[in-house]
Amino acid sequence: MARSSSPHVNKASPTEQRRLLRARRSSKRVTALSPEALLDASLSGAEHPVPVLQHDDAGVIAAAMAPKQDATLSDETLVVHAGEKMGKNGLKDTDSIATPIVSGTTHWFKSSHDLIAFKEGRGHSFEYGRYGNPTVKVLEDKISTLERAESTLVMSSGMNAIVATLLALVPPGAGHVVTTTECYSEARAFIRDKLSKMGIKVTFVELNDMETLKAVLDQGDVTLFYTDCPTNPHLKCIDIKLVAELCHRKGALVCIDSTLASPINQKPLTVGADIVVHSATKYIAGHHDVIAGCISGSDALISRIRARHHNLSGAISPGAAYMIICGLKMMALRVETQNHTALRMVRFLEKHPKIELVYYPGFIISPWHHIAKSQMTHCGNVVSFEVASDLHGVMRFINALEIPLSFIATSLGGCESLVQQPAVMSFWGKSDEEKAKNGIKDNLVRFSFGIEKFEDLGDDILHALEKI
């Protein structure tokens, strides 16, 4: 959370901001690859500026081009190649560069001996579409590689992934789930209203209230800790490493919903989490055209969730998996652009006199910056901010936007920029008490920045702010 009233910030008039914005656009067209232009793509005060190539970097380049093992390949390379030629996905006999869509629902065995070997765990088969599919397996292997996980399960939605995880890992009548008041609202409602009726104990704690978490863990019966990181829409971050250390001492598992980060920006398993879930609809698919969810973790834990998933169904279609694979191959490029746009937009918004407050953990004065810095490479494409106006004034601002005008919408992480006013979108009809409890003000705006040019988006926002 960045306060616009910080003493070191000098507010510029809208006219001056537009002049600077257009001047920056003009200079970028001429010197787009200059060190100055590259450095300008990063936010002042951010911890991860765009690297600038120096003339004496030949040795570094040569080292970077040396052959690497898969474990040390960059995410940019892994999203393209991981899972495609491993020989474990049932597609090893194809010579197609594009992953084939295997649409068959049933897979046959060459002999009764092969069937028996499969049943005894000595052979591999997908057997039936509800249990697995070769195209889906390619997608799962890609995500596992990105998350540094032993195994991944892809299913029909992010909420399906959350429910399957909770039902598989928390035993009815004996389990205890600890979650945060800031976690995804649908997950929060399922935990509160459904798990509690199954004899599962539920405890809600404030994000980063480590003392309360320690006290709850000391009861000795906690099965699973679950939360989002970052949270939506205020982008708060929890110290995953610390939470994992506290939970593991008491035998509790840690599940992190990392949807708002993407596997490019954050890898919870590498800092101690046991399970990471995503709404793959967002950054992973990246085009607002397919619904899916995924769960990554150890073979042992994913096997338990997979067994429950077979009962619940929610299998993803091979066609949907193929669309996600196509989107995933471009994810690193998309996210890089979105990261830089969001960082620059925070700097831009922070100086505007009609913006009261900006929420983004990548900004150095955010109270969540020190945590984000320790576990994230960048902080994603979502920026929330409070406008100096009321409910209807903010509605005028949003309605005046031209680039995302047709995209007043929920979701995030795609190529198109989306905008929403949570008081009108997610919390419309909710009581003032409930909105206040969740930190939802009438003047709060949430932007999910796409891959459009920063200067175009900035011009659009400047124009719209003049309507209030």
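**Helix packing, burial and backbone geometry**

Guide: Helix H7 (158-169), strand E3 (176-180), strand E4 (201-205) and strand E5 (224-228) are the elements against which the buried residues of H8 pack. Helices and strands are DSSP runs numbered from the N terminus (H or I with at least four residues for helices, E with at least two for strands). This is a predicted model, in which local features need pLDDT of at least 70 and side-chain atom pairs count only at pLDDT 80 or more, while totals for chains, interfaces and linings use all residues. Residues are numbered from 1 along each chain as its sequence is written, and side-chain values use heavy atoms, with hydrogens and water left out.

Visitor: How many helices and strands does the secondary structure come to?

Guide: The protein has 17 helices and 12 strands. Of its 468 residues, 52% are buried. Among contacts with a separation of 6 or more, 74% join residues 24 or more positions apart; a contact means heavy atoms within 4.5 Å.

Visitor: How do you know that the buried residues of H8 line one face of the helix?

Guide: In H8 (residues 185-193) the buried residues are Ala 187, Arg 188, Phe 190 and Ile 191. Viewed down the helix axis they fall within an arc of 165°, so they line one face of H8. The arc is taken over the directions from the helix axis to the C-beta atoms.

Visitor: Why are H7 and H8 called roughly parallel?

Guide: Their axes cross at roughly 30° and come within 10 Å. The axes are lines fitted to C-alpha atoms, for helices over the stretch in contact, and the angle between N-to-C directions runs from 0 to 180 degrees. Angles under 35 degrees count as roughly parallel, over 145 as roughly antiparallel, 65 to 115 as roughly perpendicular and the rest as oblique. H7 and H8 are therefore roughly parallel to each other.

Visitor: Which residues of H7 and H8 meet?

Guide: Met 159, Ile 162, Val 163, Leu 166 and Leu 167 in H7 meet Glu 186, Ala 187, Phe 190 and Ile 191 in H8. By class, this contact has eight nonpolar residues, no polar residue and one charged residue. Ala, Val, Leu, Ile, Met, Phe, Trp, Tyr, Cys and Pro count as nonpolar, Asp, Glu, Lys and Arg as charged, and the others, Gly among them, as polar.

Visitor: What makes H7 and H11 roughly perpendicular?

Guide: H7 and helix H11 (residues 299-312) pack at an angle of about 110°, with their axes 8 Å apart. That angle lies in the perpendicular range, so H7 and H11 are roughly perpendicular to each other. In this contact, Asn 160, Ala 164, Thr 165, Leu 167, Ala 168 and Leu 169 of H7 meet Leu 301, Arg 304, Ile 305, Arg 308, His 309 and Leu 312 of H11. The contact of H7 with H11 has seven nonpolar, three polar and two charged residues.

Visitor: Why is Lys 435 called buried?

Guide: Buried means under 20% relative accessible area, exposed over 50%, and partly exposed in between (1.4 Å probe, protein chains only). Lys 435 has a relative accessible area of 12%, so it is buried. The residue lies in helix H16 (residues 432-437). Apart from neighbours within four places in sequence, Lys 435 is in contact with Phe 427, Lys 430, Ile 440 and Asp 442.

Visitor: What makes Val 136 buried?

Guide: Its relative accessible area is 7%, under the cut-off, so Val 136 is buried. Val 136 lies in helix H6 (residues 134-147). Leaving aside neighbours within four places in sequence, Val 136 is in contact with Val 154, Ile 316, Ser 317, Pro 318 and Ala 321. Val 136 and Gly 319 are 183 residues apart in sequence, and their C-alpha atoms are 8.9 Å apart in space.

Visitor: Why does Glu 127 count as partly exposed?

Guide: Its relative accessibility is 22%, which falls in the intermediate range, so Glu 127 counts as partly exposed. Glu 127 lies in the loop between helix H5 (112-119) and H6, and its phi is near 60°, a positive value in a residue other than glycine. His 288 also has a positive phi, near 55°, and is partly exposed, with a relative accessible area of 31%.

Visitor: Where is a cis peptide bond found, and what is omega there?

Guide: A cis peptide bond joins Cys 229 and Pro 230, with omega about -5°. Another joins Asn 232 and Pro 233, with omega about 10°. Pro 230 is in the loop between E5 and helix H10 (240-249), and Pro 233 is in the loop between E5 and H10. Most residues other than glycine have a negative phi, and most peptide bonds are trans.
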